[in-house]
Amino acid sequence: MRFLPLQALKMKRFIGFIKKEFYHIFRDRRSLFILFGMPIAQILLFGFAITNEINNVDIAILDHSKDATTKEIINKIAASEYFSIKQIIEKESDIESIFKKGKVKAVLNFEKDFSKNLIKDSKATVQIITDATDPNTANTISNFINAILQKYQKELNKDITFVYQIVPETRMVYNPELKSVYMFVPGVMTIILMLVSAMMTSISITREKELGTMEILLVSPIKPFQVIVGKVFPYIFLSIINAIVIVVLSIFIFNMPVQGSLLLLGLESVLFIITSLALGILISTISATQQTAMMISLMGLMLPVILLSGFIFPISSMPIPLQVISNIIPAKWFIIIIKGIMLKGVGIQFIWKETLILLGMTVFFIGLSVKKYKIRLE
Amino acid sequence: MGISVKHISKSYKNVKALQDISFEVKPGELFGLIGPDGAGKTTLFRILTTLLIANEGTATVAGFDVLHDYKSIRKHVGYMPGKFSLYQDLTIEENLEFFATIFGTTIEENYDLIKDIYVQIEPFKDRRAGKLSGGMKQKLALCCALIHKPKVLFLDEPTTGVDPVSRKEFWEMLKRLQEKDITILVSTPYMDEAALCDRIALIQDGEILQIDTPEAIVKHYPKQIYNVRANNMYQLINNLNAYKYNHSVYPFGEFIHYTDSREDFEPADLVAYLESKNLLHIEIEKTEATIEDTFMELAK
């Protein structure tokens, strides 16, 4: 055998292994799709389709007074970009039927003699009836209509000075337009990185077991540690590309601002990728087939990430036991970190605690999988 | 420097896979493990290739202990598992290159060793391993197991599922490898392949029945075997089984292998008996014992 310096030999072996991994990835259409199709599809899906912002919501008007004031209010509502008046109805009984047909999301019901009451009693009533089959949207609609009415009221009162008046003025910071895409980008990024890193590595390691190639790899000078590193290395690389694609898409398609440092965002993402890879390795040590690995990744990782990480449902409104459980989900901490960086523009001094938690989890998972990794078949 | 196995036992939960197995394979020997499926051949291979740990006993491969020196063994042996275990989505050349790299060598370096085999599959070197025929897969797997010039080669049922022509070629290749000072341990369920080994161990239910050269094993067969044939083979088997003096009755190709329990057996007696059972065209002739006969006798 030709003599090669040991380091060079090891390096060559490692490169050879990684080359083989890339062949696997690029020759398997399914994994290619998961790697690159999914992130783009998900980000577009969440950005465009699955949204709870309101935009041109159809409403109906039931105007019992039909005077100057109501007309003005109706015009103001119609002029806003949030609402469009779909129908003018004439009697109370139409409200029910119009909701049942699902044509409108809300009905404005002005009482009789609206102007007159307003001048006489300085008080007039308009009823806002919303379709609460989708409670979030109903809530937002009613808030928006309220806001328009308040603004109008202020205009009416601008000449009169009240001595004591408390007017709460709510301002939504960090996402002033309440754009849901800003909420979804961090979540989708987390899901994608988790999916690609954990599921793909666990599948690719168990595939070697299932096809029997692990048997040959074990009976070779390559060390189990090198096999694992060789397995995860391509996925680190591909996950970083994915993270970049997601950020670029959200900046250019959804005009999402990235307030904080891109470098910090990148480093934190790499940390989370490594956490997920460590989880993937752990999954592969406990599952014998690709199917099992996939099921564990989907059920054990994806569901908690979607449900308990605060991505869709706010953690603070969860029951206490679930809030406690959410702490052990790495995604929760990563979402806090990237929301902080992307939306609030904070630096490491505000998120070092979360970063440390993620780091600790990563070390724990790696330690556990090294301990569980088998150098033999049983 | 070959293989030495001493009192190896292995059980899975309550199944005894191997019981007190001992044998020696001399350096440069082509040693066959012959036995049916489930005899424990694969378990023994996995213990010797350091993939499993035996419950009892010790073994050395190329001078290294399978338990303590497992890292050294992994550098110096070639292993071809029973199931085709190469990367199906990699081409012939990529598979070979990969295994050369992880063993710290190159295809060129040991090309002379695999040349005879590799030239047969080289025209298809850009084809993915998953798309190869059974025979070609085995040849590729053998190349991959040989690429680092191992001292000991473990082949677990290398010819199962391979056509007869490729099987014959495969064994010729093993003979040539043996000339290059490689110790070979091969397992097979095919008795006809046993005759091509230097020495064989007959194994069943985790126990070794006999170890010897194929010639000696056949020579020591205790009885005279007769080839029996008649117009209705099914009826013939039934009648022979019902014959009170029979010692063994096994179908063997176009004949029935028959042995009689009497010392002074006269074939004419048997002919008379079979004729009384309305069988026609009865032929009886002496024949040589085969390894299969020995196996069946020992496994009784």
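# Reading a two-chain model

Colleague: How many helices and strands does chain B have?

Modeller: Chain B has 11 helices and 14 strands. Here helices (H or I, at least four residues) and strands (E, at least two) are DSSP runs, numbered from the N terminus. This is a predicted model, in which local features need pLDDT of at least 70 and side-chain atom pairs count only at pLDDT 80 or more, while totals for chains, interfaces and linings use all residues. Residues are numbered from 1 along each chain as its sequence is written, and chains are lettered from A and ligands numbered from 1 in the order in which they are written.

Colleague: What is the order of the strands in the open sheet of chain B?

Modeller: Strands of a sheet pair through backbone hydrogen bonds, either parallel or antiparallel. Two strands are taken to pair if DSSP finds at least two bridges between them. In chain B an open sheet of 4 strands runs in the order β2-β1-β4-β5, with antiparallel pairing. Its edge strands, β2 (15-25) and β5 (64-65) of chain B, each pair on one side only. Strand β1 (residues 3-12) of chain B joins β2(B) in the antiparallel sense over 7 bridges, and Val5(B) stands opposite Phe23(B) in β2(B).

Colleague: Which residues touch the most other members of the largest nonpolar core?

Modeller: In soluble globular proteins, nonpolar side chains tend to be buried together. A nonpolar core is a set of buried Ala, Val, Leu, Ile, Met, Phe, Trp, Tyr and Cys residues joined through C-beta atoms within 7 Å. A residue is buried if 20 or more other C-beta atoms lie within 10 Å of its own, exposed if 12 or fewer, and partly exposed in between, with C-beta atoms placed from the backbone. The largest core has 82 residues, and Ile34(B), Cys143(B), Phe154(B) and Ile184(B) touch the most other members. Helix α5 (residues 134-146) of chain B supplies the largest share of this core, 7 residues. Apart from it lies another core, of 57 residues, including Leu193(A) and Phe311(A). Of the 300 residues of chain B, 43% count as buried.

Colleague: Where are the domains of chain B?

Modeller: Domain bounds come from an automatic or database domain assignment. For chain B they are domain 1 (3-219) and domain 2 (225-299), with C-alpha centres 37 Å apart. Their contact takes 11 residues from domain 1 of chain B and 8 residues from domain 2 of chain B. Chain A is divided into domain 1 (6-50 + 179-372) and domain 2 (57-157), whose C-alpha centres lie 48 Å apart.

Colleague: What does UniProt list for residues 3-230 of chain B?

Modeller: UniProt positions are given in the numbering used here, feature names are shortened, and annotations may be inferred rather than shown by experiment. In an unreviewed entry, UniProt lists "domain: ABC transporter" for residues 3-230 of chain B. That span is 33% helix and 29% strand. For chain A, an unreviewed UniProt entry places "transmembrane region" at several stretches, among them residues 260-283 and 320-338. In the model, residues 260-283 of chain A are 92% helix and 0% strand, with end C-alpha atoms 34 Å apart.

Definitions and conventions
Two residues are in contact if their C-beta atoms, placed from the backbone, lie within 7 Å.
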